[in-house]
Amino acid sequence: MKNSRANNLRPMIPQGVQCYFGEEVNRRRKVESILAGTMKNWGFQEIILPFFDYLEDFSYGLGPHISDKVYRFLDRDGSLLALRPDLTTLVAKTVATRMTDQPLPIKLFYSGEVFRQERAGAGKQKEFYQIGLESMGVAKTWADIEVILLAVECLLQLGVEDFKIALGHVGFFNGIVSVLNLPPERADAFRDAVDHKDSAWLCKEVEDMEISPEKKRFLVELPNFAGGREVIDLALSVVENARSREALNELGKIHSVGESLGLQSYLTFDLAEVRGLDYYTGIVFKIYGRPQGFELGGGGRYDGLLSKFGWDLPAVGFSFTMDRVLPLVQDAGKLEVPSHDSEEYVISTESASLSEIFKQVWRLRRQGLRIHVGTRT
Amino acid sequence: MFTMALSKGRLLDKTVEFLARAGIDVPEDILSSRRLIAPDATGSYQFLLVKPMDLPTYVEYGVAAAGICGRDVLLEVSPDLHQPLDLKFGRCRLVLAGKAGDTVEKHNLLSTTRVATKYPRVAERFFRSRGLPAEVIYLSGSVELAPNLGLAETIVDLVETGRTLAENGLVALEEIAESSARVVINRASFHIQYAEVQEFLGKLRKALE
């Protein structure tokens with residue numbers, strides 16, 4: 001009986017989309033509510049955002065590597081629209097255009113699906129669920145610290161403990177590159193090599209630069225500036241430019257606060273973290289957790305975005321990708337989703353008149369019982 | 001336990017030899033291909049034996065924290081991985097090859113040229129960067145036959161000594177990239193297993209000196 005329907009159905013689904021049901025839904029909702037609850041406790045308010053907006057508006061918040069992955073379509077008046085590839089841009093737009101009378105900082109959290117035309121694989125889906133937050137209006141390090149601590153607390157609240165937040169700072173790398181005076185193409189190649197910690201390529205890149213041998217050695221060693229607090233101190237002992245030093249001092253402050261709270265084991269540094277340089281303006285971080293091979297989420301400071309929407313406001317935030325966090329939560333065994341089977345009563349439709357059945361069922365459900373109307377088997 | 005992926009084939013013997021010099025002994029079971037996954041005698045390393053083109057995938061997904069593969073593979077697969085060390089062995093070149101006297105431009109004056117390769121993305125990028133239209137034909141082996149059979153005018157392939165090319169009446173027309181064995185590290189493992197990664201890289205660096 002059941003199978004006979006299959007012939008008329010289209011079992012195909014587009015690559016990269018997903019649906020959830022059964023226990024999986026309960027688990028996702030539970031994780032979401034723990035995260036949302038934690039963010040609320042820290043003074044963040046929820047914002048619900050539109051699924052699509054003008055393509056142009058999204059382009060402000062996306063690097064060139066994402067803008068060609070946007071699902072776009074036409075509005076009736078011919079304007080280009082896009083399915084949201086990102087939520088931060090929508091928050092920034094809303095704050096800059098609708099919340100200008102609010103006291104600062106404006107602290108908002110959000111959750112929902114984003115859509116990107118990613119090549120399938122490498123842990124990427126075309127539709128994925130993010131939950132994240134933005135703190136807008138404070139340019140000081142304390143706002144960075146609050147956001148990083150909250151990222152730590154979110155994972156701890158989920159019972160996840162084997163994770164690291166790898167901190168970097170855009171100012172550190174930019175300070176070094178600006179001194180080198182590289183043409184844009186060379187600067188991109190240099191950045192790419194640093195991003196992949198590709199020392200062999202860096203050796204070639206620095207070969208013909210007109211700088212001292214010590215400076216060359218430092219540039220080749222740049223990818224190795226990753227690890228604990230000692231990395232900051234080591235970098236401070238060799239880097240001279242003011243911009244990089246300021247960045248290092250900021251990272252040092254963040255670590256000191258983490259340490260005073262006993263959270264230093266969750267913090268690590270990667271000064272060669274150079275992703276998203278066109279977008280981020282200060283600290284950047286990636287969140288990693290065992291045994292997940294991909295980042296669970298990430299964030300940073302982006303002081304330039306809101307001005308694109310007419311309000312020059314500094315901002316810092318992060319987001320988690322739900323599908324990458326969830327397996328860790330299950331590993332951590334913290335998700336006790338109660339099973340309701342014991343409260344379930346089945347009332348057979350064969351036993352009496354329909355009026356009688358539904359009168360009874362109505363009364364029992366009003367008493368708070370979980371009633372299932374079905375056929376006795 | 002630190003899981004490491006090794007490439008089957010061309011690089012395997014040299015990789016094992018190099019690791020031994022670094023004080024890391026790959027178990028016999030793996031070398032004889034009796035098992036595809038096995039721990040070393042000390043229990044601190046676990047090895048996976050995989051096809052070269054698959055290796056970056058294992059490391060990118062974090063199934064293995066690290067791996068050793070040729071740069072040719074990295075250029076083709078473009079995985080999102082750290083590539084901290086050039087191990088300098090397994091040197092060879094990715095080249096465009098064809099019949100002697102050909103040039104890249106020759107076939108493209110009027111029409112799209114055909115190129116056969118195990119490296120479709122490398123080939124695609126190479127021709128596109130020249131502004132030349134090319135039809136890339138993916139083959140999983142015996143690529144050198146293609147020009148003689150008329151399947152393609154040229155090939156993009158890995159060349160170590162050039163003997164295979166010569167035996168098939170082909171010459172290297174242009175070098176696309178140099179290749180040698182590289183260490184790759186998963187981005188998450190780099191931080192999560194920081195101490196193990198540093199110890200591992202330290203051993204390899206020492207062996208390189």
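1. In this predicted model, chain B contains an open sheet of six strands, arranged in the order 2-3-1-4-11-5. The pairing within this sheet is mixed. Strand 2 (37-39) and strand 5 of chain B are the edge strands, each of them pairing on one side only. From one strand to the next, the twist averages 25°.

2. Strand 4 (residues 66-70) and strand 11 (residues 181-185) of chain B run antiparallel and are joined by five bridges. Within that pair, C69(B) has R182(B) in strand 11 of chain B as its bridge partner.

3. Helix 1 (residues 12-21) of chain B packs on the sheet. Its contacts there are with strand 1 (2-7), strand 4 and strand 11 of chain B. The direction of helix 1 makes about 140° with that of strand 1 of chain B.

4. Next, the interface between the chains. Here 19 residues of chain A are in contact with 16 residues of chain B. On the chain B side, strand 5 (82-86) and helix 8 (187-192) each supply at least two residues. Strand 5 of chain B gives the largest share of that side, five residues.

5. The side of chain B that touches chain A has eight nonpolar residues, five polar residues and three charged residues.

6. Turning to chain A, the division is into three parts: domain 1 (12-159 + 290-338), domain 2 (163-289) and domain 3 (345-374). Note that domain 1 of chain A is given as two segments, 12-159 and 290-338. Between the C-alpha centres of domain 1 and domain 2 of chain A the distance is 25 Å.

7. How many residues does each of these two domains put into the contact? Domain 1 of chain A contributes 22 residues, and domain 2 of chain A contributes 21 residues. On the domain 1 side, helix 5 (141-157) and strand 11 (297-301) of chain A each supply at least two residues. The largest share of that side, seven residues, comes from helix 5 of chain A.

8. By class, the side of domain 1 of chain A that touches domain 2 of chain A consists of eight nonpolar, nine polar and five charged residues.

Conventions:
Residues numbered from 1 in each chain as written. Chains lettered and ligands numbered in written order. Predicted model: local features only at pLDDT ≥ 70, side-chain atom pairs only at ≥ 80, totals over all residues. Contact = placed C-beta atoms within 7 Å. Helix = DSSP H or I, 4+ residues; strand = E, 2+ residues; numbered from the N terminus. Nonpolar A, V, L, I, M, F, W, Y, C, P; charged D, E, K, R; others polar. Pairing = 2+ DSSP bridges. Axes fitted to C-alpha atoms, helices over the stretch in contact; angles between N-to-C directions. Domains from an automatic or database assignment.
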